[in-house]
Amino acid sequence: MQSAVEREYRTLSPLNVRIQTHRLYSEFAHDVEADVIAAAAVSPADALLDVGPGTGSFLGRLAGRDAPLTALDHSAEAASACAAVPGVRAVRGDAQRLPFADGSFDVVTARHMLYHLDDPGSAVAEARRVLRPGGRFAAAVNRESPYPAMTALLREVLVRNGVAPAPSPGDRVHGGNLPSMVALSFDSDSIRILRRDNTLVFPSPEPVSAYLASTLTLQGVPDDGALRAAIVADLEASARAAFRTLPGGVWREPKGYVIVTASL
């Protein structure tokens with residue numbers, strides 16, 4: 001049986017909903033992809049492995065270089081998207097057991113994916129294994145406890161519809177505990193931390209309910225059928241009701257990300 005994470009990434013549509021939400025409604029124009037590139041000091045000569053590449057947009061920024069770019073993802077859809085990026089070698093595989101020889105890469109990146117793994121620490125150790133001397137590792141995760149009001153609304157709706165809310169992946173790996181996790185595999189003196197705090201600012205309820213609906217598969221809700229339709233309708237009604245109580249009719253949701261880098 002497929003896990004909720006495997007079912008979630010059979011298609012990239014829900015991920016794209018979340019990406020577009022952050023692009024359209026973030027108070028500050030932070031750019032996590034650019035921040036990772038800068039934090040890892042990625043150069044045109046670096047052989048780079050992106051673990052959990054999602055849509056491939058990060059690798060698209062680096063395309064056209066002479067040095068090889070490699071994408072690794074468990075999702076066939078993500079691997080296919082990355083294979084369409086010029087110069088990218090896309091591989092399906094497990095971040096916890098990388099199918100590459102020791103010392104294969106100058107840079108390994110893992111952006112907003114460690115919290116989906118059963119053993120994120122092993123993925124960090126694997127990243128270190130495949131790095132060359134002088135290589136750099138960069139991981140991005142959410143800050144601690146992002147989206148508190150949205151999370152509360154989602155859980156209320158799930159319980160009302162007879163679904164037990166799944167533990168948030170971000171409770172296991174977040175900006176607060178990622179540095180200590182990375183320090184288990186890298187010299188702590190090499191670790192650097194970049195934190196970007198931000199806010200989602202919603203002027204209407206529709207993007208709130210759409211964002212939450214995009215997370216339902218991760219909550220274990222079946223992909224189709226009456227239950228999902230009922231939950232989506234409840235999310236939409238609940239978001240509209242919440243907006244009627246907001247001062248000025250604006251929903252502000254704290255969020256942010258943390259990038260942790262380390263080197264050999």
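A: Serine 145 is exposed, with a relative accessible area of 55%; exposed means over 50%, buried under 20% and partly exposed in between, with a 1.4 Å probe and protein chains only. This is a predicted model, in which local features need pLDDT of at least 70, side-chain atom pairs count only at pLDDT 80 or more, and totals for chains, interfaces and linings use all residues. Residues are numbered from 1 along each chain as its sequence is written, and side-chain values use heavy atoms, leaving out hydrogens and water.

Q: What is the phi of serine 145?

A: Most residues other than glycine have a negative phi. Serine 145, although not a glycine, has a positive phi of about 50 degrees. Its place is the loop between β5 (131–142) and α7 (148–160); helices (H or I, at least four residues) and strands (E, at least two) are DSSP runs, numbered from the N terminus.

Q: Is tyrosine 147 buried or exposed?

A: Tyrosine 147 is buried, with a relative accessible area of 12%. Tyrosine 147 also lies in the loop between β5 and α7, and has a positive phi of about 55 degrees without being a glycine.

Q: What is the order of the strands in the open sheet?

A: Strands of a sheet pair through backbone hydrogen bonds, either parallel or antiparallel. Here seven strands form an open sheet in the order β3-β2-β1-β4-β5-β7-β6, with mixed pairing; two strands pair if DSSP finds at least two bridges between them. At the edges are β3 (88–92) and β6 (192–202), each pairing on one side only.

Q: How many bridges join β2 to β3?

A: Five bridges join β2 (residues 69–73) to β3, and the two run parallel. Threonine 70 stands opposite arginine 89 in β3.
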